Amino acid sequence: MALEIRRLFPDDDALVMRVADEVFDEPVRPDRLSAYLAEPCHFMVVALADGIVVGQCAAVIHRHPDKVSELYIDEVGVAPAFQRQGIATRMLGAMFALGREHGCEEAWVGTEPDNVAARAFYESRKEPHGPAEGLVMYVYQL
């Protein structure tokens, strides 16, 4: 099996129509994917195994008038059959490189307190400034 880590660009949306189970939270809608990839500060990296998406990492650059630009890692997903093979590590590394290329000085990611696997993965990385920060999040329906 050949595994490729690849950044998606606006014309690459057809690549994401063949996706392994549990890579994304919901089915990918072509119109939403096209809109996402068209945004200049939105990035998506996928892991392809024999032409099938088995992993994805999505991120957004946040630019601030008073702080450094930061890369928000919005989603990381790997199909269960492909987990614990270094795919998430490779995708995150590729995403960090994209963030640096676009002037970001920091990257951040959040996960649920009870997501033990995700927390272990993020805490195993060499780069964190320190322990996980506390966070309270509010969601508003628009």
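Select Gln56 and Val23. The side chain of Gln56 reaches the backbone oxygen of Val23 at 3.3 Å. That is a polar contact: a pair of N or O atoms within 3.5 Å, where, within protein, one must be able to donate a hydrogen and the other to accept it, and residues adjacent in sequence count only if both atoms are side-chain atoms.

Before moving on, note that this is a predicted model, in which local features need pLDDT of at least 70, side-chain atom pairs count only at pLDDT 80 or more, and totals for chains, interfaces and linings use all residues. Residues are numbered from 1 along each chain as its sequence is written, and side-chain values use heavy atoms, with hydrogens and water left out.

Stay on Gln56. It lies in strand β3, residues 52–62. Helices (H or I, at least four residues) and strands (E, at least two) are DSSP runs, numbered from the N terminus. Is Gln56 buried or exposed? Gln56 is buried, at a relative accessible area of 2%. Buried means under 20% relative accessible area, exposed over 50%, and partly exposed in between (1.4 Å probe, protein chains only). Now show its neighbours. Leaving out residues up to four places away in sequence, Gln56 touches Val23, Phe24, Met44, Val45, Val46, Glu75, Val76, Gly77 and Met91. Contact here means heavy atoms within 4.5 Å.

Next, select residues 87–101, helix α2. Its buried residues are Ile87, Ala88, Met91, Leu92, Met95, Phe96, Leu98 and Gly99. They cover an arc of only 165 degrees around the axis, so they sit on the same side of α2. The arc is taken from the directions from the helix axis to the C-beta atoms. Turn to the face away from that buried side: it carries exposed Arg100 and Glu101. Gly103 follows α2, with a positive phi near 85 degrees.

Now select strands β4 (residues 70–78) and β5 (residues 106–109). They run parallel, joined by four bridges. Strands pair if DSSP finds at least two bridges between them. Find Tyr72, which stands opposite Trp108 in β5.

Finish in two loops. Asp50 lies between β2 (42–49) and β3. Its phi is near 55 degrees, a positive value in a residue other than glycine. Asp50 is exposed, with a relative accessible area of 54%. Then go to Arg84, in the loop between β4 and α2. Phi of Arg84 is near 65 degrees, again positive in a residue other than glycine. Arg84 counts as exposed, at 87% relative accessibility.

Note on methods. Expected span 1.5 Å × (residues − 1).
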